[in-house]
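Subject: Structure for you to look at

Hello,

Please find the structure below, together with its sequence. My notes come after it; read them with the model open beside you.

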Amino acid sequence: MFWSPPRSGSLISMNALPHVRCSYFLLPGNELDGYPRYLESDLAESLLSGWLALWHPGLLAASGGAPQWVSAENPPEDVADCILVIPPFSQPHVHSEWLARAEDTQDSICVVRPVSSQSWLQAQDALLEQLLRQGERGDAATDAIGSIEIAVRERFAALGYAFLQIELMTRQMRYTSNLDRHLFDQQVSQAAAAALAGEAESMQQLLQSCFDSLGQERDHYYSLDANILDITLLAPTTLKSSLATQLGFGGATSYLCSAQLLEKMQQVAPENLVTLRDKVQSGESAVVGGLAAERPHPLMTSAALARELERGHHRYQQLGFPPARVFGRFSFGLVSDSIAEIARHDFLGALLIAWSEGEYPRGSQSKIQWESSDGTYLSAVATDVLDAADASSYVSFGWQVGEALDHEHVPTIVLAHWPGHVCPYWHLLRIVAAHTPALGVWHQAQRYFEETDLPYHQERLSPHAFRYNWLAAAENPADLARRVAQYHRLHVRCQSLQNLALLEWMLSNRPAPPDSADEHSTEANGQTSDDAVVQAMPMEGWSDVLASAWERLDGLMDEGEEWVSLASQIEEELLDYTQVVLQRLASRLAPKYSAAAAGERWQAELLLNPRNAPLRIRTRTSPEHSFTAGTWRFSEGLVGHHRYTNVDVPGLGFVVAPLDTSGPAEVPRKEPVLADETGLLRNEFFEAQIDPRRGHLRSVHVPGRRGNRISAMVARRDLKGKDQFVHSEMIADSVALRTSSPMAGLIRATGELRLDGHPCGRFEIDYEVWRGSRVLEIVVRLSDLQPLSTRDPWKSAYVLRLAWATEAAILRTFQCDRRHSWPRGRAVSPLLLEIDEAEYRTHLLTGGLAFHRREDLRFSETILCFDGDACEFRLGIGIDLPRPMQAAQDFVDARYALPLQGPAEAGDAVGWVIAADSKHVGIDLQSPLVDADNRARGIRLVLSEHQGKSANVRVRLPYPPASAARVDYHGKVLNRLSVIDDGFSIPIRANERCLVDVLWQRGG
C-alpha cells in the first residue's frame, strides 16, 4: 500500500457532538482473550481502523477517557449514549437480538461497522460525521472542537495503538494488567481537552505522560527493550519518485542496495543519491549491502565473493558513501560458510534474510552469532520479516514483541518495505517509538549492530537449509549449467596464472635493503613501524591482464551476458598471457636456456606446478628422443607414434627437463599393457572393468582389497508418477580397445540408450587410464537425444549415475571451496564429489558439472544435459586421492610447460618456491606487499583447508621472513604467527580459508 499522511486539517468542521458516555470496541472472548494473533490484510485493516477511529481528541474529551473493549458474546446491557464499534472479525459473535434492542433504544447510540477499504483517518471521519448527523442531544462535549490538525490526530492514534498493543502484550503473556486505568483515562481526557483548546505544549506533556504510563506498564513485566529494524528495499524501478517520498519521511531506516544500484541511482535520479548520501553521512540512515554487484555466488567460489566485496568497498567510496558496515543482498546468494568471507571484510553484522526467492535457515533467535565451519563468526539477523505495507503485520505487533522479549537475548523485529510503500500503522509505530521504547527502539542497521548486545553463543547453520532451485529459476537451465562449468574451468586457470605470475614477481623483486628509518622501527599497538607502511599492491600494479580477466570472469555469471563470446575472449587472453608468464619464469629459473620459437627444435622443457601439491605431468616427445634420467622422471613409454614421460614437479615448483641428445632413445623394456580386449583397464593403483554388453563402468577394484569400489553408467531419467523415477538402459554396439601400451590404455564403448524399449539417444564413452595416475578419465559424448518429458532438469535429464557398495558411505560436496556432508536431496558441487567408506575414499572429478542429486543411500546422479543438443563431457573417478581438491583443479587446468633452447651442458634443475608440510592445505598467492616507494617487502598468501581437518602447518618460503600474521582483507592484523627459520607455523582450522601477510627480512 502506498500511503503518505495528508497535510490538511480535518475533513469536517465540528462545533458540537451528542453526549458520549462511553466508547466500546467489541471483541470475541473475555477481555483480550479472543484478540486475533493473525488476520488477513482486509480484516486487520478494519479491526485497527475501527479501534483507532475512537481515538479522535474530540471523542476522547467527550467520553472522558480511553475506549474500552468488551466481549462481543456478553456485551453490556446499558449502551445509552455510547458508541459501539463492531469490526467484521467480531460480527459473527454478536447476538442479533441484543444488537437490534440496542439500536432501538430511545437514547443516543452510534453503531459503527468499519470496512476494510477505510484507513483509520477515514474511519474516524466517518464516525464523527455519523455522530454529527444525529444532531445536538444532551450536553455537548465542547463548543470549541473546531478543526484538528492531522498531526495531532496521528499522535492520539499512535497512543491508542500503543495502548492496545501493550495491553495485548501484558494480558496475553501475563494474564493481567498493571496499568492504573483511572489515572490513564484522566491523562488521556486532559490531553484531548488541551488539543481542543489549541494548547500544544500542554497537550504534548500530557501525551508524553500517557506514553510514560504505558512504558511503565510494559517495564513491570519486561525490563528489556525490543529492537525494531526498518529496512527499505531498493530496485532499479524504485529509484525515482517513490524513493524521493521515502527520503522525505525522515527518521532512522536502512536502505538495502549494492554499489551497482547506487550507480544506477546516480544516472536516473542524482538528486536522490545526494539526499541519501547526506542522510547516511549524518548517521540518520544506513546503507546495507557491501557487494559491487549481486551475482550467484553459491555457484561460484569463495574467492569470487571476496573479490566482489573488495570491489564494493571501493565503489561505495567512489560514490561518496562510507563502505557498508552491514552486509546484505536482495537476491539469494549465500551459503553456510559465506560469513567467513564477510567477517574478514570489516563488517559489523549481516542480514541473513531471503528477500526475493530461495530460503535461508532461521536462527534459534532473531540475532545470532553466525559461525562458519572454520570457526569464524559474525553477528547476523536471521528471522522472519514483517511487511511494513501490510496491516496484518501490525494487528498483533505487541504479542510478537512480547514473544521476542520472553525468548530472545536481543529481541528484534524486522520491518521491510519498498520506498514510500508503507501503511499508516507504520507511521503510527514510528510515533510510538519516538515517545516510548515500550514497543521497541527504532534502529537503522549500523547502529543496531553497534549498540545491541552480542548473542551468547555461536550458531552453525546447516548447509542444506540454504535452499534455492537454480535450474528452475533460470530462463535457460542448460545455458546456466554450461556457464557454471566454463566459469570454474576458467577460474582455476586464472588462479594458476596468478600464482605463477606472483612467483615470477617474487623472484624478480628481492626484499628491499634496510635504510636508516627501518633501523629505528619500534613496536606500537602490536605492530611494527614496518607494518604501518606496508600494504598490498593492487593487482593492476603487477598484472593488469589478470585484473581485467578476474573482473570479466566474474561478470560471466551475470544474467543476460553474452557469455560464450566473453569466455572465448578470456580464454584466448589467458593463453597469450600464459606464454608471457612462462617466458619470464624461464629467465629466472633456467637462465642458461631461452624460450624456443614455435616449430623450432628444443633441447629442454620447463614444467611448472601452480599449486602447492606435487603434480605428475605428462609430457610428449618424438619416439627418437627421451628426457635425461633424473629423480623427477617417474616413468616413460611409447603410446602410438609418441613417447610420453611422467614428470613429478614439486608443489609451487618447477622442473627443467633436458632431452638426452647423446643418441637415439632406448627402446622401453617390456611391461604389462594397461588395457586388454576383455574390457579391463589397469595400472598400479586400480583395475576398471567395462561391461562388454552394455558399455558402462561395471566395477573398479583396488589390488589387495576385496569388493567393487564404484560403478557408473549414463542414463536418461524421467519422472513417472509422484516420486517414482525410471531410467534408460545402455545397449552397446561395440566395446573396442583403442589404445593398449605400458603407458596408457583406452577403451571406447558406443551404443544406444533405450527407455521402455525405445531408443532415446546414442552414447560414445572413452575410458582411459595412464600409468602413475589415480584417476580413471571418462569422456562422454551424447547424440541423437530425444526431447525430454519436462523442462525441469530435476525430473527429466540425461545423467551420470554412480553406485557404491555400502549404504554406510558418507557423501560430501565441495561448494564454494568448502567441504560439506550430503545426506540427501540436491546439491551444488562444481569440481568434486567425495564418497567416504571409512577405509577408503572415492572421488568424482566433475570437470565443472555442478548439479547433483542423491537418489538414496547407494546412488547419486550428476546432471549431464537436458536440452536435447549433442554434448561432450570429461569426468574422472579418483581412487584414494591424497589431495582431492588439488586433483580436481588439476583435472580442469591447462599444462604449464615451455620448450627451451640451450647448450647440452646446461643440465636439469628441480626446485620449489613455497612449500607446506600438510597434504590437505592449499596455498595460493594473493598479492605482493610493498612499501610507500613500491619496494618489495613481502607477500600475501591464502591458505585453504580442504578435507575438514585442523592442523598445525609449517610453511617454508624463498626468503627469510621477518614476521607473519593472519590479516583480514584490509590488512588489519588478526593475530601474529610464529616465525621459524625460513618460514612460519600456523594453526589452521577445519575448512578455514585465511590470509597471511609475510614480511621479508630486509636485504634477505
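Predicted model: local features only at pLDDT ≥ 70, side-chain atom pairs only at ≥ 80, totals over all residues.

Residues are numbered from 1 along each chain as its sequence is written, and side-chain values use heavy atoms, with hydrogens and water left out.

The sheet

Helices (H or I, at least four residues) and strands (E, at least two) are DSSP runs, numbered from the N terminus. Two strands pair if DSSP finds at least two bridges between them. Strands of a sheet pair through backbone hydrogen bonds, either parallel or antiparallel.

Here, four strands make an open sheet with parallel pairing, in the order β2-β1-β3-β4. At the edges are β2 (68–71) and β4 (109–112), each of which pairs on one side only. On average, neighbouring strands of this sheet are turned by 25° against each other, direction ignored. Axes are lines fitted to C-alpha atoms, for helices over the stretch in contact, and angles run from 0 to 180 degrees between N-to-C directions. Strand β3 (residues 82–85) runs parallel to β4 and is joined to β4 by four bridges; I83 stands opposite C110 in β4.

Two helices are in contact with the sheet (contact means heavy atoms within 4.5 Å). Helix α1 (residues 41–53) lies across β1 (22–27), β2 and β3, at about 165° to β1. Helix α4 (residues 120–133) lies across β3 and β4, at about 150° to β4.

Salt bridges

A salt bridge is a side-chain nitrogen of Lys or Arg within 4 Å of a carboxyl oxygen of Asp or Glu. The count by this rule is 63. Buried means under 20% relative accessible area, exposed over 50%, and partly exposed in between (1.4 Å probe, protein chains only).

- E764 and R781 meet in a salt bridge (2.8 Å, N to O). E764 lies in strand β32 (residues 758–770) and R781 in strand β33 (residues 775–783), so the pair ties together parts that are 17 residues apart in sequence.
- R218 pairs with D219, the closest N and O atoms being 2.9 Å apart. R218 is buried because its relative accessibility is 1%, whereas D219, at 43%, is partly exposed.

Regards
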